[in-house]
Amino acid sequence: MTVTLTDQPFEPGALVTAFCVGREETGAVATFVGLARAENGQAAALELEAYPGFTDAAIGEIAEVAAKRFRLHDVHVVHRVGRIAPGEAIVFVATAAGHRREAFEACDFLMDYLKSRAPFWKKEHGPDGARWIEPTDRDRTDAERWD
Amino acid sequence: MARVLLFGRLADQAGWRDRVVEAIDLSSLRGALAAADPSLGEALVAPGVQVAVDKAIVRGEAALSPFTEVAFLPPMSGG
């Protein structure tokens, strides 16, 4: 299980390829890639702040929960921090399981957690300046599906 | 004494994000920060602001050593 925070752009395809290597008992790998939206010019850039050592530990704990709940063989989470331009990947989640249902559901579960409860602080830079963003009601109700 | 970290809008409001402050426990730390910057003092006790001592969330009081790291965490946005 790996959780990585990085301030550098990453290439999701290379991460999927590496994640699939050497898995003889894994029947299913599900992946999710989140990209930064331009919001029709309203978001020139996103800025994500993390607390190194705290944020990655919190994501690691929820990845352990997912691994147990969905009987995963492995999990890989990569999350950008710092300034992110529209179109760049913000988050990559890969889950490996014996069968597809567990892999899909674990990926969905992890993303709902990451979007609503993970310890990040998000600022959107737009034409009218910068503003701090909080989770939307939709993010919260999505996460509550798993409680 | 403790190393104090501010995140998100708290750091923007205070104009700093990392500072060493003389204090023996969390309440004296909050007092010292509020004395230097009353509006920051208010923001630190606002609803939704959590405190982590050495990267673990603490509710209530905690003693501080010179090597303790105290982080004030405003409501988290998710990624």
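Which residue in strand 7 of chain A is the bridge partner of L46(A)? The partner is E124(A). This is a predicted model, in which local features need pLDDT of at least 70, side-chain atom pairs count only at pLDDT 80 or more, and totals for chains, interfaces and linings use all residues. Residues are numbered from 1 along each chain as its sequence is written, while chains are lettered from A and ligands numbered from 1 in the order in which they are written.

**Overall form of chain A**

- Chain A has four helices and eight strands; helices (H or I, at least four residues) and strands (E, at least two) are DSSP runs, numbered from the N terminus.
- Read from the N terminus, the elements of chain A follow the order β-α-β-β-α-β-β-β-α-β-β-α.
- The radius of gyration of chain A is 15 Å, which agrees with the value near 15 Å for a compact globule of 147 residues. This radius is taken over C-alpha atoms, and the globule rule is 2.2 Å times the number of residues to the power 0.38.
- Along the principal axes, the C-alpha atoms of chain A fill a box of roughly 50 × 35 × 30 Å.
- Of the 147 residues in chain A, 32% are buried. A residue is buried if 20 or more other C-beta atoms lie within 10 Å of its own, exposed if 12 or fewer, and partly exposed in between, with C-beta atoms placed from the backbone.
- Among contacts in chain A between residues at least 6 apart in sequence, 77% join residues at least 24 apart. Two residues are in contact if their C-beta atoms, placed from the backbone, lie within 7 Å.

**The open sheet 5-3-7-8**

- Four strands of chain A form an open sheet in the order 5-3-7-8, with antiparallel pairing; two strands pair if DSSP finds at least two bridges between them.
- Strand 5 (82-84) and strand 8 of chain A stand at the edges with a single partner strand each, so one side of each has no neighbour in the sheet.
- From one strand to the next, the twist averages 25°. Axes are lines fitted to C-alpha atoms, for helices over the stretch in contact, and angles run from 0 to 180 degrees between N-to-C directions.
- Strand 3 of chain A pairs with strand 5 of chain A over three bridges, and L48(A) has G82(A) as its bridge partner in strand 5.
- Strand 3 of chain A also pairs with strand 7 of chain A, in the antiparallel sense over six bridges.
- In a regular strand the side chains alternate between the two faces of the sheet.
- A130(A) lies in strand 8 of chain A and counts as partly exposed, with 13 C-beta neighbours inside 10 Å.
- Leaving aside neighbours within four places in sequence, A130(A) is in contact with K123(A), E124(A) and H125(A).

**Strands 1, 4 and 6**

- Strand 1 (residues 2-6) and strand 4 (residues 72-80) of chain A are parallel and share five bridges; T6(A) has R80(A) as its bridge partner in strand 4.
- Strand 4 of chain A pairs with strand 6 (residues 89-97) of chain A in the antiparallel sense over seven bridges, and D74(A) stands opposite A96(A) in strand 6.
- I90(A) belongs to strand 6 of chain A and is buried, with 21 other C-beta atoms within 10 Å.
- Not counting residues up to four places away in sequence, I90(A) touches residues including L35(A), I84(A) and G79(B).
- I90(A) and F10(A) are 80 residues apart along the chain, and their C-alpha atoms are separated by 8.7 Å.

- In chain A, 23 residues are in contact with 13 residues of chain B.
- Strand 3 (45-50), strand 6, helix 3 (100-116), strand 7 (120-126) and strand 8 (129-133) of chain A each supply at least two residues of the side that touches chain B.
- That side of chain A divides into 14 nonpolar, three polar and six charged residues. Ala, Val, Leu, Ile, Met, Phe, Trp, Tyr, Cys and Pro count as nonpolar, Asp, Glu, Lys and Arg as charged, and the others, Gly among them, as polar.
- The largest nonpolar core has 53 residues, and those with the most contacts inside it are A66(A), A106(A), L110(A) and F7(B). Such a core is a set of buried Ala, Val, Leu, Ile, Met, Phe, Trp, Tyr and Cys residues joined through C-beta atoms within 7 Å.
- Not counting residues up to four places away in sequence, F7(B) touches residues including E49(A), Y51(A) and W121(A).
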